[in-house]
Amino acid sequence: MVNTATVDLAPLDEILKEFNGEKGAVIPILQRVQDAYGYLPKEVLSAISKRTGIPLSRLYGVATFYAQFHLTRRGCHLIKICDGTACHVRGATKLVKSLEEALQLSPGGSDPDYKYSLEIVYCLGSCGLAPIVVVDDQVYGQTNPESLIERLEKLE
Ligand code: FES
């Protein structure tokens, strides 16, 4: 993860070398850049445009079209809380509220330290284990606020 005040372009240079000026490789370049920086900083998008000749408008067009890309800084750990019908009925709202109270973390945002980002999703196909929370790629069923906070606080 990088500080927005000083964006180091060295990782970008390494990535662009791999693609060797391929102008059609917009999505793979953006994927690699997002892996390296955690999101797509505007300074990096401008540098990609200058160094490859890909119009900035095209980069933004792709970055805003695909949900996988993020233009704002995100936390190190991504938390997804399911608020589909079964999870909602079994306490998803309480989980969201507990994160707001304990970590100042709201849906669609990150906590002040950028340790976590929170997204609300709708039905992950495991309704029998509701409420479901996914932390990074780990799925947790029958989650309650206390165990969720405890689990999150143990993360590095
Ligand atoms: S409603 Fe949450 S897994 Fe189906």
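Over the ring of which residue does the charged end of R151 sit? The ring belongs to Y140, and the charged end of R151 is 3.8 Å from its centre. Keep in mind that this is a predicted model.

R73 lies over the face of Y114. Here the distance to the ring centre is 4.0 Å.

Now turn to rings that meet other rings. A pair of aromatic rings is described by the distance of the centres and the angle of the planes. Searching the whole structure gives 2 aromatic pairs. Take F65 and Y66: their ring centres are 4.9 Å apart. Their planes stand at 85 degrees, and angles over 60 count as edge-to-face, so this pair is edge-to-face. Y66 also pairs with F69. That pair is edge-to-face too, with 6.4 Å from centre to centre and 85 degrees between the planes. Through these ring pairs, F65, Y66 and F69 are linked into a cluster.

Y66 has 33% relative accessibility, so Y66 counts as partly exposed. F69 has a relative accessible area of 5%, so F69 is buried.

C82 has a relative accessible area of 2%, and buried means under 20%, so C82 is buried. C87 is at 3% relative accessibility and therefore counts as buried. How many disulfides does the structure have? The count comes to 0. A disulfide needs a pair of cysteine sulfur atoms within 2.5 Å.

Conventions
Residues numbered from 1 in each chain as written. Predicted model: local features only at pLDDT ≥ 70, side-chain atom pairs only at ≥ 80, totals over all residues. Heavy atoms only, no water. Buried < 20%, exposed > 50% of the residue type's maximum accessible area, 1.4 Å probe, protein only. Phe/Tyr/Trp six-rings, centres within 6.5 Å; stacked < 30°, edge-to-face > 60°. Lys NZ or Arg CZ within 6 Å of the ring centre and 35° of its normal.
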